[in-house]
Amino acid sequence: MSSSHRVRVSVDVDGTRYVDDVEPRTLLVHHLREQLGKVGTVVGCDTSNCGSCTVLMGGADGPQHSVKSCSVLAVQADGASVTTVEGLAGPGGELHAVQRAFHELHALQCGFCTPGMIMSAVDLLRDNPDPSDAEVREGLSGNLCRCTGYQNIVRAVQSAAAALRAQAELPEEATV
Amino acid sequence: MTSTIEPQVGAARKRKEDARLITGRTRWTDNIALPGMLHLAILRSPHASARIASIDVSAAKRRPGVVDVFSGADVKDIQGSLPCAWPVTEDIVHPVRPPLADGFVRHHGEAVAVVVARDRASAVDALEDIEVEYDPLAPVLDLRAAYEDTGLVHPDKGTNRSYTWIFDSADAGTGSSVRDAPAEVTINRQYVQQRLIPAFMEPRSVVVDPGMGEYTIWSATQIPHILRVFYALLTGVPEHKIRVIAPDVGGGFGGKLQVTPEELIAFLAAQRVGKPVKYTETRSDTMLSAHHGRDQLQDITLTAKRDGTLTGIHVKLIANMGAYLGLVGPGVPILGAFMYNSIYKVPAYRFECVGVFTNTTITDAYRGAGRPEATYAIERAMDELAAELDMDPIELRRKNWINADEFPFTTVAGLVYDSGDYDAATDKALDLFGYAELRAEQERRRAAGDPVQLGLGVSTYTEMCGLAPSRILGALRYAAGGWESASVRVLPTGKVEVVTGTSPHGQGHVTAWSQIVADELGVAFEDVEVLHGDTRTSHKGLDTYGSRSLAVGGVALVEACRKVRDKARVVAAHMLECSPDDLEFTGGAFRVRGTPDAARTVADAAFAVFAAHDLPDGVEASLDADATFDPQTFSFPHGTHLCATEVDTQTGHVRIRSYVAVDDVGRVVNPLIVEGQVHGGVAQGIAQALHEEAVYDAGGTLLTGSFVEYTIPSAADLPTIVSDRTETPATSNPLGVKGVGEAGAIAATPAVVNAIVDALRPYGVHDVPMPCTPERVWRAVKRGGVA
């Protein structure tokens with residue numbers, strides 16, 4: 001182990017660019033939490049099963065997709081852009097439709113899995129704006145929750161899906 | 001001022017807690033970073049049983065960034081022994097349990113040495129340089145062998161049996177002897193309550209800041225108040241120099257109802273280095289070191305008349321304590337002892353429990369704690385009796401349960417059930433479920449020889465909640481009481497601060513307590529702030545477990561509110577120049593009877609008290625009150641759960657086709673929260689039936705040491721359930737509430753397994769051991785009888 005060896009990593013997180021020298025073995029989630037203060041993203045296991053650490057990640061200009069940030073090395077995020085649960089709300093603090101639906105439909109109890117669950121749901125709905133309940137359950141099966149039995153999570157994702165679809169249709173209707 | 005306010009209790013208010021949790025502005029213990037803070041890593045035993053021949057920490061100490069390394073030998077004289085607060089018998093065998101192993105390790109994962117370093121990675125790296133020589137010993141793993149004292153976990157104790165606890169209704173005067181019970185039919189069954197792991201999502205974490213002899217401790221715990229008492233007792237630091245904070249805590253389910261080795265180790269480390277330290281466990285650490293649940297061998301005998309009338313219940317239990325006694329571990333099966341008779345009228349009951357040591361992680365409270373085990377055994381056995389008598393399982397239950405007009409009812413276990421309506425809950429559940437139609441479909445599939453058979457499972461349950469009357473706890477040798485406290489202070493501008501002794505970790509107390517206060521004081525829901533989980537602001541409390549928070553803490557809150565209201569009434573009367581007796585509190589204000597426009601609110605009184613210019617003689621210039629509520633009895637929620645499973649007899653695969661839960665938790669403060677508790681509880685109950693089991697190999701290594709092997713269900717593994725309620729208010733407390741936290745986990749497990757066995761009865765199957773994996777179901781079908 002040579003902890004003196006460091007690699008420069010430049011990553012955009014929630015709209016801010018951070019340049020740091022990190023140990024090559026540093027996981028993205030530890031970089032986020034310990035160097036960048038992004039403690040909204042949490043660690044629930046050490047085997048990439050629980051999904052609590054899920055964030056969105058993409059190339060500087062490309063689309064973002066959900067990743068478990070415990071399964072990504074910080075050096076792999078060099079040049080990437082990352083959105084965490086802390087950067088999901090709009091510029092004026094207005095909640096994302098998924099965040100709002102989680103609140104309205106009581107889709108969280110202790111809230112520890114919630115950041116990861118929300119980020120996975122956001123990605124799921126980008127891929128599939130109108131999922132069946134089974135597709136929601138399958139799509140979130142990489143995120144574990146011990147409190148809710150998932151029932152209200154599924155409801156919340158469906159509610160957010162409907163809200164996002166309505167939002168997407170609005171501009172078209174406006175032009176008619 | 002005269003506007004009426006919508007009642008808050010009973011309303012589905014969205015939670016105040018959510019705003020931070022959905023935006024990542026959270027305060028988990030692991031988020032805490034203090035100036036100069038050091039990090040701990042703990043070396044754990046790879047052996048289930050071994051003598052520690054030597055430990056050499058010198059190489060680890062020389063590593064860069066390592067501040068301190070120590071083992072049990074270094075803190076031998078000061079580390080003490082972890083507490084057991086529930087020594088259930090006078091002669092209980094209670095071995096010393098040092099936070100860091102001292103000479104011997106007795107389970108896989110026991111803490112052996114600790115590194116204190118500048119960062120977490122340096123601490124973990126240094127573990128590799130600690131040299132430990134072990135002389136492995138033969139572990140005692142099989143519970144029955146342990147019970148027979150085949151090999152000893154603690155050789156100096158001469159036995160693995162920690163205690164024997166017996167209840168007999170003939171001795172207690174609550175019934176007759178099972179020996180004399182008429183036995184036209186006898187059902188004797190053995191059930192294995194497999195070992196489970198609570199698996200709260202937030203791994204445990206503790207930060208200790210030693211300050212200048214004044215310790216501030218943040219811990220991911222359910223029990224900050226109890227923890228503070230034990231820190232004082234165990235460390236010798238005076239209690240008033242210790243502040244314990246449970247910040248955001250990510251689930252518990254009983255798993256964080258513990259005083260842990262890690263909490264003491266972090267304390268010792270902070271004391272040694274004089275700096276703040278943090279220990280956050282990995283999930284693998286959690287699996288090894290946080291206590292497990294269940295793990296009992298049950299032998300239950302029901303005797304009955306041929307018409308189905310129960311005449312006796314005899315239970316013999318062997319309960320696995322693990323290698324030591326946990327905080328309340330010995331008491332867990334004793335909580336179950338009062339529940340085997342469940343909702344049934346039984347004239348004779350005997351319960352015998354032996355607590356036994358094995359070389360495994362300790363067991364202790366896990367959602368339901370003793371009551372799910374009891375409910376499982378009686379509800380499975382009732383189905384077996386029904387099958388033996390060729391009766392419908394629901395009709396058998398109906399024949400035996402306590403009727404709504406028979407409350408209050410003193411049970412054969414000596415508890416007084418205050419209220420309930422088992423017919424109402426069951427009828428509602430049957431209706432929602434479509435019981436008759438499903439039975440007809442079952443008949444069709446059986447007749448057609450369908451390889452996928454349909455099974456219907458029922459579980460009726462009650463549980464003792466609202467832990468607990470202090471006198472009863474004392475009689476059961478529990479070290480503490482069961483009261484709860486609340487303080488209410490009305491601020492000059494009419495806003496309200498509430499301090500509660502409960503310690504929520506997902507239950508939504510901030511929201512529910514705000515609803516209660518809003519109604520009691522006529523203030524807005526938004527105007528109530530709930531403070532909890534910090535012994536500096538809430539010095540008095542007994543924390544959150546055992547579905548006690550609302551039934552005990554909520555009632556304390558009501559009583560504190562009513563004291564405040566009584567004082568506000570005196571002030572309001574003075575302001576309105578009338579007698580307090582002329583005022584009624586309605587629509588959120590004190591109004592003069594007959595002249596409702598003459599009114600003053602609690603907020604008006606608060607400002608008058610603050611100004612104190614014109615207070616009635618003898619009235620102090622404050623508007624706040626404390627209350628401590630010690631319940632006189634438990635509360636008894638109940639319900640009926642129904643499950644339909646499709647069981648593939650060729651593959652053993654089980655699919656839950658429909659699930660109906662009708663629960664009666666008394667008066668409901670927030671239906672949204674109650675429904676969420678039922679969903680989560682049912683999920684954990686299903687998980688025990690189908691998915692989860694902690695497994696040790698023949699050498700005592702925990703095989704299910706991560707979420708790869710210990711498979712808590714994902715969204716894809718669980719059904720959508722139908723949940724509804726009946727509402728029979730508790731008569732034992734002014735809120736009429738009963739508790740809901742554990743109900744789902746208690747009811748679901750037997751409902752699911754009853755459904756599986758019901759599907760397979762034509763194949764000669766009368767049991768499938770849990771978890772009912774496809775392999776076990778398939779084997780049961782192949783073999784017939786028990787898998």
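Although B:Ser342 is not a glycine, its phi is positive, at about 50°. The structure is a predicted model, in which local features need pLDDT of at least 70 and side-chain atom pairs count only at pLDDT 80 or more, while totals for chains, interfaces and linings use all residues. Residues are numbered from 1 along each chain as its sequence is written, chains are lettered from A and ligands numbered from 1 in the order in which they are written, and side-chain values use heavy atoms, with hydrogens and water left out.

Two peptide bonds of chain B also deserve a look. The bond from B:Phe407 to B:Pro408 is cis, with omega near -5°, and B:Pro408 belongs to the loop between α11 (393-400) and β16 (409-410) of chain B. Likewise cis is the bond from B:Met770 to B:Pro771, with omega near -10°; B:Pro771 lies in the loop between α19 and α20 (774-783) of chain B. As background, most residues other than glycine have a negative phi, and most peptide bonds are trans.

Helix packing comes next. In chain B, α10 (residues 371-389) and α19 (residues 743-760) pack at an angle of about 30°, their axes being 8 Å apart. Axes are lines fitted to C-alpha atoms, for helices over the stretch in contact, and angles run from 0 to 180 degrees between N-to-C directions. This makes α10(B) roughly parallel to α19(B), given that angles under 35 degrees count as roughly parallel, over 145 as roughly antiparallel, 65 to 115 as roughly perpendicular and the rest as oblique. Their contact (heavy atoms within 4.5 Å) involves, among others, B:Tyr376 and B:Arg380 of α10(B) and B:Ile746 and B:Val753 of α19(B). Its residues comprise 7 nonpolar, 3 polar and 5 charged; Ala, Val, Leu, Ile, Met, Phe, Trp, Tyr, Cys and Pro count as nonpolar, Asp, Glu, Lys and Arg as charged, and the others, Gly among them, as polar.

In chain A, α2 (residues 97-104) and α3 (residues 114-127) pack at about 125°, with axes 9 Å apart, so α2(A) is oblique to α3(A). Here A:Val98, A:Gln99 and A:Phe102 of α2(A) meet residues of α3(A) including A:Met117, A:Ile118 and A:Leu125. This contact between α2(A) and α3(A) has 7 nonpolar, 2 polar and no charged residues.

On a 1 Å grid over the protein atoms alone, a cavity is a set of points where a 1.4 Å probe fits but cannot get out, and a pocket is an open set with protein on both sides within 12 Å along at least five of seven lines; lining residues have an atom within 4 Å of a point. Grid points are joined across faces, edges and corners, and a volume is the space filled by probe spheres set on the points. The count comes to 9 cavities of 30 Å³ or more. The second largest cavity holds about 120 Å³, and its 14 lining residues include B:Arg204 and B:Glu263, which are among the closest to its centre. The second largest pocket holds about 700 Å³; B:Arg20, B:Asp248 and B:His532 are among the closest to its centre of the 31 residues that line it. The largest share of that pocket's lining, 4 residues, comes from β21(B).

Definitions and conventions. Helices (H or I, at least four residues) and strands (E, at least two) are DSSP runs, numbered from the N terminus.
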